[in-house]
Structures are given as C-alpha cells and as structure tokens.
Amino acid sequence: MPGRKHHHVYVVELSKDVLFEPRFRKNNPNYIDGKPCVYVGMTGLDPDVRFDKHKAGIQANRYVQKYGLRLLPDLYEAFNPISYKEAVDKEIEVGIDLRSAGFGVWQA
C-alpha cells in the first residue's frame, strides 16, 4: 500500500570514541567539541528493534554496532511514523539540522 505511514527516522547517540575514527572525523569538519555524536537512520521497524539489530550486528552500521549508546527519541519522536518517501527526506533533513548545530553526524 503506497504511502503507508509505518517508517521511522531515528537518532542514536554514539560514544565520543567515534571521534577517533578518521572517516567519521573527516565527514564532520564543523563538529563542535562537546556536542553529541549521532547516527541518523530510517527504518520500517520500531526504532528500538532496529537499534537492537544494529547492536547485534544484523544489517548493522559499524559505528552504531561499536559506539552506539542509546536512542535519542526527543530528536525524532514528534514526526514518526511517516511514509517511506517522507522518511527518506526527513532523514536527510535531520542530519543536516544536527550537523548545522555542531553535532558529529553519520548517515548511511
């Protein structure tokens, strides 16, 4: 069913140790020391289930698997659930907004 609203954008807090990863650092040249480091993703699953899968190594982003601490629902709950198309756009928008605020951001 097109447009069905069951997708979610989610944000995972990453340990500051991710800043020792050269690729992460290179992709965040405007990171402000002390701001959070996060992973922004989208899923058709409940964000809690998706986070557990990352940590278990199932279709995992390596930064979330190694450095993921917890979900940050205050940064995404207000606009979920949404359609797939909306989630694609919102994931990009959230990443841009957080980067603009000085966060370290990784997106798949």
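Asp 52 counts as exposed, at 51% relative accessibility (exposed is over 50% relative accessible area, buried under 20%, partly exposed in between; 1.4 Å probe, protein chains only). This is a predicted model: local features need pLDDT of at least 70, side-chain atom pairs count only at pLDDT 80 or more, and totals for chains, interfaces and linings use all residues. Residues are numbered from 1 along each chain as its sequence is written, and side-chain values use heavy atoms, with hydrogens and water left out.

**Salt bridges**
- Six salt bridges turn up in a search of the whole structure (a side-chain nitrogen of Lys or Arg within 4 Å of a carboxyl oxygen of Asp or Glu).
- Glu 86 and Lys 5 pair at 3.5 Å, N to O. Glu 86 is in helix α4 and Lys 5 in the segment before β1, so the bridge ties together parts 81 residues apart in sequence.
- Arg 62 bridges to Glu 21, with the closest N and O atoms 3.2 Å apart. Arg 62 is in helix α3 and Glu 21 in the loop between β1 and α1, so this pair ties together parts 41 residues apart in sequence.
- Arg 62 is partly exposed at 43%, whereas Glu 21 is buried at 12%.
- Glu 21, Arg 62 and Lys 66 form a salt-bridge network.

**Nonpolar core**
- The largest nonpolar core holds 27 residues (buried Ala, Val, Leu, Ile, Met, Phe, Trp, Tyr and Cys joined through side-chain atoms within 4.5 Å).
- Residues with the most contacts inside this core include Val 11, Phe 24 and Leu 98.
- β1 contributes the most to this core, with five residues.

Definitions and conventions
Helices (H or I, at least four residues) and strands (E, at least two) are DSSP runs, numbered from the N terminus.
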